[in-house]
Amino acid sequence: MMDFSKSPLILVADDNPTNRHAMEVLLADQNMDVHFAEDGIAAYDEAVSLQPDLILLDVMMPERDG
């Protein structure tokens with residue numbers, strides 16, 4: 001069950017810095033706790049440790065894709 005008393009935790013996984021920056025700008029004013037990963041392995045590790053409410057995932061990334 002989602003705890004609505006805290007900010008939603010979003011994980012953005014994308015190897016393209018321009019895409020990560022665009023997501024940062026879009027989500028900056030939305031009262032969300034946003035984390036970023038630059039490749040599939042880092043995204044997997046972050047997903048396991050953070051247990052985010054939402055993962056925005058690029059399909060094709062180095063190391064391991066979405």
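Let me begin with a definition: two strands pair if DSSP finds at least two bridges between them. Helices (H or I, at least four residues) and strands (E, at least two) are themselves DSSP runs, numbered from the N terminus.

The model before you is predicted, so local features need pLDDT of at least 70 and side-chain atom pairs count only at pLDDT 80 or more, while totals for chains, interfaces and linings use all residues. Residues are numbered from 1 along each chain as its sequence is written, and side-chain values use heavy atoms, with hydrogens and water left out.

I turn to the overall architecture. The protein chain contains two helices and three strands, in the order β-α-β-α-β from the N terminus. Strands β1 and β2 run parallel and are joined by five bridges. Leu-11 stands opposite His-35 of β2. Together, β1, α1 and β2 form a right-handed β-α-β unit; right-handed here means that, with the strands pointing away from the viewer, the path from the first strand over the helix to the second runs clockwise.

Of the 66 residues in the protein chain, 21% count as buried, that is, under 20% relative accessible area, with exposed being over 50% and partly exposed in between (1.4 Å probe, protein chains only). With contact defined as heavy atoms within 4.5 Å, 60% of the contacts between residues at least 6 apart in sequence join residues at least 24 apart.

Now to the charged residues. How many salt bridges does the structure hold? There is one, where the term requires a side-chain nitrogen of Lys or Arg within 4 Å of a carboxyl oxygen of Asp or Glu. The partners are Glu-38 and Arg-20, whose closest N and O atoms are 3.7 Å apart. This pair links distant parts of the chain, 18 residues apart: Arg-20 belongs to helix α1 (residues 17-27), and Glu-38 to the loop between β2 (33-37) and α2 (40-50). Glu-38 is exposed, at 52% relative accessible area, whereas Arg-20 is buried, at 14%.

Finally, consider Asp-14, in the loop between β1 (9-13) and α1. Asp-14 is buried but has no salt bridge, and the nearest side chain of opposite charge, that of Arg-20, is 5.5 Å away.

What does the side chain of Asp-14 join through a polar contact? The partner is the side chain of Asn-19, at 3.2 Å. A polar contact is a pair of N or O atoms within 3.5 Å; within protein, one must be able to donate a hydrogen and the other to accept it, and residues adjacent in sequence count only if both atoms are side-chain atoms.

Notes:
Lys and Arg count as positive and Asp and Glu as negative; His and the chain ends are not counted.
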